[in-house]
Amino acid sequence: MSDLWITNAAELATPTGSQPRAGAAQGEIERLHDVDLLCRSGRIVAIGSPEEVALAARMGDGPPVDRWDAGGGTLVPGFVDPHTHLPWAGTREAEFAQRLAGRSYREIAAEGGGILSTVASTRAATEDELADLTRRRLDRMLAWGTTTVEGKSGYGLSVEDELKQLRALARAADRHPVEVVPTLLAAHETPPEYRPDTDGYVELVCSEIVPAVAAEGLASYCDVFCEQGVFTVEQSRRVLLAGVEHGLRPRLHADEFVDSGGAELAAELGALTADHLMAVSDAGIDALAASGVIAGLLPGTSFFLKKDAYAPARRLIEAGVPVSLATDCNPGSSHTESMVMIFWLAVLELDMTIEQALTAATLNAACSLELGETHGSLEIGKQADVVVLEASSFDHLAYHYGIHPVEAVIKSGAVIYERDRSAAPHS
Ligand code: NIG
Ligand code: FE
């Protein structure tokens with residue numbers, strides 16, 4: 001909770017408000033030039049010309065504020081990554097090589113690879129090891145401008161191993177400046193010891209895992225991988241309702257490979273978000289639009305799985321569905337911590353405008369974590385979570401791709417990441 005006076009920013013680009021922005025409003029952002037920004041106790045208290053902000057800095061009650069030079073860069077809100085599978089152990093490069101040779105993700109999964117291979121390595125890891133791996137991922141996220149991230153369990157698939165993953169996530173978050181919102185994804189896959197009795201595993205999730213996680217206060221949300229061959233709509237509904245009973249609001253992996261009615265289920269239950277949606281139907285889009293559920297798009301998955309199909313971002317936006325963006329950071333279908341990479345994919349593959357993509361990666365993502373009042377935009381009263389881009393205009397974020405454009409990251413008014421120019425010469 002710091003005081004800071006950011007000077008010398010060529011531009012500030014931000015969505016505005018505290019509600020998800022849909023339709024035309026998704027593409028409307030505010031752009032200000034040659035601005036200073038003042039934070040007190042971690043919150044933004046003034047944005048304006050250097051003279052206006054100097055006046056605000058003198059008028060405040062607090063002590064003199066340190067000035068920090070943004071070097072002529074551009075300020076955008078800290079990125080919010082609302083869908084990741086953070087606390088896992090092990091890697092799947094052999095499977096990656098098989099996919100490059102032409103085998104599909106679902107074929108590999110059907111033979112016991114995929115998610116189940118990460119379940120084996122995550123079960124074998126200690127809580128300490130998982131916390132350490134998670135911390136390193138948070139460091140990478142931070143360097144790419146992420147200031148708030150959601151993290152899911154889902155590679156434990158037993159009472160003890162799901163608890164271990166979520167405890168490790170909490171420990172990693174405890175001493176890390178990136179803010180973490182935890183989600184229980186016990187219904188990610190049926191573990192080997194239950195196969196083929198998926199209903200038996202669903203019963204364990206509902207009667208034991210959800211209550212145990214809720215009792216320890218380890219998760220805010222409950223998620224399910226609702227997909228052909230994984231969990232049906234009926235099984236997903238059961239798990240999500242068990243979550244609701246224990247105070248865990250629903251989010252959903254929906255219609256990733258096959259249209260299985262996941263979007264409609266998310267709408268029926270008033271889920272915060274329906275994610276993936278590569279195969280969503282027109283009826284699914286209509287259901288999302290009518291219910292206000294946010295569509296969480298994960299273009300890193302299409303990219304990393306070498307799919308031709310990307311989610312229908314434009315159709316969703318035209319239908320009035322608010323769209324968010326996330327990395328889906330996981331070892332199988334999207335191995336990246338970089339929201340900047342996702343921004344490039346959103347613009348170049350999902351055909352979103354840079355303005356729509358910025359709203360998706362900040363305000364709409366924050367709203368999907370119920371943080372829209374405090375996060376997701378650069379406005380007076382909001383938490384001072386700021387990314388400083390090494391660019392004189394926000395337009396360059398998409399245009400100059402493949403570089404590391406993040407000069408600095410500020411969380412609650414404290415500079416928590418600064419690129420070392422001498423050690424890492426760039427562009
Ligand atoms: O969101 N779709 C399901 N779960 C992850 C993939 C997890 C894995 O392959 O390990 C996803 O893409
Ligand atoms: Fe996912």
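1. In this note, a residue is called buried if its relative accessible area is under 20%, exposed if that area is over 50%, and partly exposed in between, with a 1.4 Å probe and protein chains only. By that definition Phe343 is buried, with a relative accessible area of 1%, and Phe394, at 0% relative accessibility, counts as buried too.

2. A word on conventions comes next. This is a predicted model, in which local features need pLDDT of at least 70 and side-chain atom pairs count only at pLDDT 80 or more, whereas totals for chains, interfaces and linings use all residues. Residues are numbered from 1 along each chain as its sequence is written, chains are lettered from A and ligands numbered from 1 in the order in which they are written, and side-chain values use heavy atoms, with hydrogens and water left out.

3. Helices (H or I, at least four residues) and strands (E, at least two) are DSSP runs, numbered from the N terminus, and two strands are said to pair if DSSP finds at least two bridges between them.

4. With strand β4 (residues 67-77) the pairing is antiparallel and runs over four bridges; here Val76 stands opposite Val387, and Pro77 has Val386 as its bridge partner. With strand β15 (residues 406-411) strand β14 also pairs in the antiparallel sense over four bridges, and in that strand Ile410 is the bridge partner of Val386. Strand β4 in turn pairs with strand β1 (residues 4-14), in the parallel sense and over six bridges, with Thr7 facing Asp69 of β4 as its bridge partner.

5. Which residues coordinate the iron ion (ligand 2)? The donors are His83, His85 and His253, each through NE2, together with Asp328 through OD, at 2.1 to 2.3 Å; a donor here is an N, O or S atom within 2.8 Å of the metal (3.2 Å for Na, K and Ca), and sites may look incomplete because water is not among the atoms. Along the sequence these donor residues follow the spacing H-x1-H-x167-H-x74-D. His83 lies in the loop between β5 (79-81) and α2 (93-100), and Asp328 lies in the loop between β13 (323-325) and α13 (339-348), so the pair ties together parts that are 245 residues apart in sequence. Both His83 and Asp328 are buried.

6. The aromatic rings form a further topic. A search of the whole structure finds six aromatic pairs, where rings of Phe, Tyr and Trp (its six-membered ring) pair if their centres lie within 6.5 Å, and planes under 30 degrees apart count as stacked, over 60 as edge-to-face and the rest as tilted. Phe96 and Phe304 form a stacked pair, at 5.1 Å centre to centre and with 10° between the planes. This pair links distant parts of the chain, with Phe96 in helix α2 and Phe304 in helix α11 (residues 299-304), 208 residues apart. Phe96, at 32% relative accessibility, counts as partly exposed.

7. The ring centres of Phe343 and Phe394 are 6.1 Å apart and their planes stand at 70°, so the pair is edge-to-face. Phe343 lies in helix α13 and Phe394 in the loop between β14 and α16 (396-399), so the pair ties together parts that are 51 residues apart in sequence. Elsewhere, Tyr194, Tyr201 and Phe231 form one aromatic cluster.

8. Salt bridges complete the note. A search of the whole structure finds 30 of them, a salt bridge being a side-chain nitrogen of Lys or Arg within 4 Å of a carboxyl oxygen of Asp or Glu. Arg103 meets Glu107 in one of these, at 3.5 Å from N to O, and forms another with Glu111, where the closest N and O atoms are 2.8 Å apart. Arg103 is partly exposed at 28% relative accessibility, Glu107 is partly exposed with a relative accessible area of 40%, and Glu111 is exposed at 59%. In a further salt bridge, Glu189 and Arg195 have their closest N and O atoms 2.9 Å apart; Glu189 is buried, with a relative accessible area of 9%, whereas Arg195, at 40% relative accessibility, counts as partly exposed. Salt bridges that share partners also join Glu11, Arg31, Glu355 and Asp395 into one network.
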